[in-house]
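Q: I'd like to learn how to read a structure like this one, feature by feature. Can we go through it together?

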Amino acid sequence: MLEVQSITKHYRTKRGVVRAVEGVSFAVRPKTTLALVGESGCGKTTIAKMILQLERPTSGAIRFEGQDVAAMGATALKAYRRQVMAVFQDPYASLNPRLRVGTIIAEPILAHENPGRAAVEKRVAEVLDVVGMPAASARLYPHEFSGGQRQRIAIARALALRPRMMVLDEPVSALDVSIRAQVLNLLADIQAEFGLTYLIIAHDLALVEHFSDDVAVIYLGRVAEAGPTGEVFATPRHPYTQALLAAVPQPDPDHVLSETAAMGEIASALDPPSGCRFHPRCPLVIDRCRSEVPELRGAPHAASCHLVEV
């Protein structure tokens, strides 16, 4: 459904060029969930913003059902934005506190359609019911709800136009642990009922393993490893993926950290390392890693590492 081809995003600042995303490619299959994972600042949200057309790629292409999004005219782009909706990370910031919930959910409907007041109110009540909220919620303001309820309202807003794909940017990270599972189960039920395609951004590996069909591991703006979630988690091929999984806390007091754990801090996107961007932290580094950028090799389970045998 969605194909990202070698997209790059650079930001010019007074200190230099921030290379936020460098040549990232992946594809999202219809009615499945692809997860983008990686440390904070690795470029996950920037990728999502480019897909949502909130940012323009410096280079590369984003194709939706084979059509280049950058080449779309006004009418086609409006249709694209209707089919690809977003749920943002912070439900306290993504909902306008001055508007009632019914108005918030009705906004995208009125921007794309003109169905009449009765039809809008019916649609608002329908999507509130889908996310487990009473119709009376439409008359209230966001501050009258808990964080979990606000995120349900944000999901309802995204569903109002009956999209085909949703971009979920850390949809449960701002919520209490006790209600994260409820929201994730809601998203899974909605996907099954409406046949939606999800692109989810996350750093919680347990969530990714449970919720996604495919995963792309991002490190400093590049794809380190990608493939079916079960395969990537069972047999990680890139040292960075191995380090991420080794760092997951284990409920075992005798558990010993793997020797593949990464050392040091992530480099700056203002001055990224030459060759493989992970090489300054990699316990398996060789001379080739310092000078030559590794290609993403292997399918469907691919890794960008010189040590990986295809």
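Predicted model: local features only at pLDDT ≥ 70, side-chain atom pairs only at ≥ 80, totals over all residues.

Q: Which residue is the bridge partner of Val 217 in β10?
A: Strands of a sheet pair through backbone hydrogen bonds, either parallel or antiparallel. Here Val 217 has Glu 225 as its bridge partner in β10. The two strands concerned, β9 and β10 (residues 222-228), pair in the antiparallel sense over six bridges.

Q: In what order do the seven strands of the open sheet come?
A: Reading across, the order is β6-β7-β8-β3-β9-β10-β11, and the pairing is mixed. The edge strands, β6 (84-87) and β11 (302-303), each pair on one side only.

Q: How many bridges join β3 to β8, and how many join β3 to β9?
A: Five bridges join β3 to β8, and these strands run parallel. As a landmark, Leu 36 stands opposite Ile 201 in β8. Toward β9 (residues 214-219) there are four bridges, again parallel, and Leu 34 has Asp 214 as its bridge partner there.

Q: Which way do the residues of β3 point?
A: In a regular strand the side chains alternate between the two faces of the sheet. In β3, Thr 33, Ala 35 and Val 37 point one way, Leu 34 and Leu 36 point the other way, and all are buried. That is five buried residues out of five, so β3 is mostly covered, taking buried to mean under 20% relative accessible area.

Q: Now a helix. What span should the 18 residues of α6 have?
A: At 1.5 Å a residue, α6 (residues 177-194) should span 26 Å, and its end C-alpha atoms are 27 Å apart, which agrees.

Q: Which residues of α6 are buried?
A: Val 183, Leu 184, Leu 186, Leu 187, Ile 190 and Gln 191 are buried. Looking down the axis of α6, you'd see these buried residues fall within an arc of 155°, so they line one face of the helix. The face turned away from that buried side carries the exposed residues Ser 178, Asp 189, Ala 192 and Glu 193.

Q: What do the buried residues of α6 pack against?
A: Their partners include the strands β3 (33-37), β7 (165-169) and β8 (197-202). The helices α4 (117-130), α5 (147-159) and α7 (205-211) are partners too.

Q: Which residues touch the most other members of the largest nonpolar core?
A: In this core of 56 residues, they are Ile 105, Ile 155 and Met 166. Helix α5 gives the largest share of the core, six residues. A second, separate core has 33 residues, among them Leu 2, Val 24, Val 28 and Val 84. Back at Ile 105, its contacts beyond four places in sequence include Val 124, Val 127, Leu 128 and Ile 153.

Q: Is Arg 123 buried or exposed?
A: Arg 123 is buried, with a relative accessible area of 11%. The residue lies in helix α4, and a polar contact of 2.9 Å joins its side chain to that of Glu 113. Leaving aside neighbours within four places in sequence, Arg 123 is also in contact with Ile 109, Ala 160, Leu 161 and Arg 162.

Q: What about backbone angles: which value does phi of Arg 162 take?
A: Arg 162 has a positive phi of about 55° although it is not a glycine. You'll find Arg 162 in the loop between α5 and β7, exposed at a relative accessible area of 54%. Glu 65 is another non-glycine with a positive phi, near 50°, and sits in the loop between β4 (59-64) and β5 (67-68). At 46% relative accessibility, Glu 65 counts as partly exposed. Just after α6, Gly 195 takes a positive phi of about 65°.

Q: Where is the cis peptide bond that has omega of about 0°?
A: The cis bond joins Ala 299 and Pro 300, and Pro 300 is in the loop between α10 and β11.

Q: Last one: is Ala 269 buried or exposed?
A: Ala 269 is buried, with a relative accessible area of 16%, in the loop between α9 (239-246) and α10 (287-291). Beyond its neighbours within four places in sequence, Ala 269 is in contact with Val 17, Val 18, Arg 19 and Leu 220. For contrast, Lys 14, in the loop between β1 (2-13) and β2 (16-28), counts as exposed at 91% relative accessibility.

Notes:
Residues numbered from 1 in each chain as written. Heavy atoms only, no water. Expected span 1.5 Å × (residues − 1). Buried < 20%, exposed > 50% of the residue type's maximum accessible area, 1.4 Å probe, protein only. Arc of directions from axis to C-beta. Contact = heavy atoms within 4.5 Å. Polar contact = N/O pair within 3.5 Å; in protein donor to acceptor, adjacent residues only side chain to side chain. Core = buried A, V, L, I, M, F, W, Y, C linked by side-chain atoms within 4.5 Å. Pairing = 2+ DSSP bridges.
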